[in-house]
Amino acid sequence: DWTAPDAVVLPCGHGTLLLGAYRGFDVLSRAGIIDAVPPLFAAQAAGYAPIVRERHGALGTTEVHADGEPETPNDIADGIQISEPARSDEILHAIETSGGDAIALGENIVENTLDDLHRDGFYVEPTCAVAPALLRKLQDADVLKPDHDVVVPLTGSGLKTL
């Protein structure tokens with residue numbers, strides 16, 4: 001009884017993880033094993049979000065604080081600070097075809113999520129926290145429901161940051 005998750009939330013720099021997920025789900029869908037490719041949501045770092053810029057324009061690449069001030073570039077998520085992904089057209093196609101989106105995240109939500117992950121026993125590196133941070137943001141915006149089956153890969157060990 002194969003089923004795909006309701007969504008997949010991934011960090012996105014060059015997009016290799018997102019493209020691999022898309023290609024795998026696409027093969028399963030075309031083979032009739034799953035009904036459809038789940039929506040793929042790409043988490044990018046504010047200030048380094050070319051996929052977000054392509055989808056939403058320049059205003060979509062910067063988070064805004066509650067006081068209305070723009071967030072500075074997200075320098076802690078250095079693993080996805082990619083200005084020109086080699087396969088941006090393929091990434092955009094995968095996101096659009098799957099019904100997903102790309103969102104830029106500032107340092108504050110990523111740092112808070114990283115702290116939460118560490119407290120919960122997941123010793124991950126900062127870039128890894130962008131995907132769970134985006135999940136939180138999508139749930140807060142009611143895009144994804146708490147009962148949805150969502151896959152969020154934790155992509156890097158905190159030992160890399162020592």
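Reply: Leu18, Leu19, Tyr22 and Arg23 of helix H1 are in contact with Glu90, Ile91, His93, Ala94, Ile95 and Thr97 of helix H3. This is a predicted model, so please read everything here as a description of that prediction. H1 covers residues 16-30 and H3 covers residues 88-98; the two pack at an angle of about 50 degrees, with their axes 10 Å apart. That angle makes H1 oblique to H3. As for handedness, the crossing of H1 past H3 is left-handed.

Let's stay with H1 for a moment. Its buried residues are Leu18, Leu19, Ala21, Tyr22, Phe25 and Asp26. They sit on the same side of H1, because the arc they cover around the axis is only 160 degrees. What do these buried residues of H1 pack against? Their partners are S1, S2 and H3, where strand S1 is 7-11 and strand S2 is 40-45. In length, H1 has 15 residues and reaches 21 Å from its first C-alpha to its last, close to the 21 Å expected at 1.5 Å a residue. After H1 comes glycine 32, which has a positive phi, near 80 degrees.

Now for a second pair of helices, H4 and H5. Helix H4 spans 107-119, and helix H5 takes in residues 130-140. Their axes come within 8 Å and cross at roughly 105 degrees. H4 and H5 are therefore roughly perpendicular to each other. Where they meet, H4 contributes Ile109, Val110, Asn112, Thr113, Asp116 and Leu117, while H5 contributes Val130, Pro132, Ala133, Arg136 and Lys137.

Looking at H4 by itself, you will find Glu107, Ile109, Val110, Thr113, Leu114 and Leu117 as its buried residues. These lie on the same side of H4, since they cover an arc of only 165 degrees around the axis. The buried residues of H4 pack against S3 and H5, strand S3 being 101-105. Following H4 is glycine 121, with a positive phi near 95 degrees.

H5 has its own list of buried residues: Val130, Ala131, Pro132, Ala133, Leu134, Leu135 and Leu138. What covers them? The cover includes the strands S1, S2, S3 and S4 (150-151), together with helix H4. Just after H5, aspartate 142 takes a positive phi of about 65 degrees.

Of the 162 residues, 43% count as buried. Contacts also reach across the sequence: among those between residues at least 6 apart, 75% join residues at least 24 apart.

How values were computed. Residues numbered from 1 in each chain as written. Predicted model: local features only at pLDDT ≥ 70, side-chain atom pairs only at ≥ 80, totals over all residues. Heavy atoms only, no water. Buried < 20%, exposed > 50% of the residue type's maximum accessible area, 1.4 Å probe, protein only. Helix = DSSP H or I, 4+ residues; strand = E, 2+ residues; numbered from the N terminus. Contact = heavy atoms within 4.5 Å. Arc of directions from axis to C-beta. Axes fitted to C-alpha atoms, helices over the stretch in contact; angles between N-to-C directions. Parallel < 35°, antiparallel > 145°, perpendicular 65-115°, else oblique. Left-handed = near helix turned anticlockwise from the far one by under 90°. Expected span 1.5 Å × (residues − 1).
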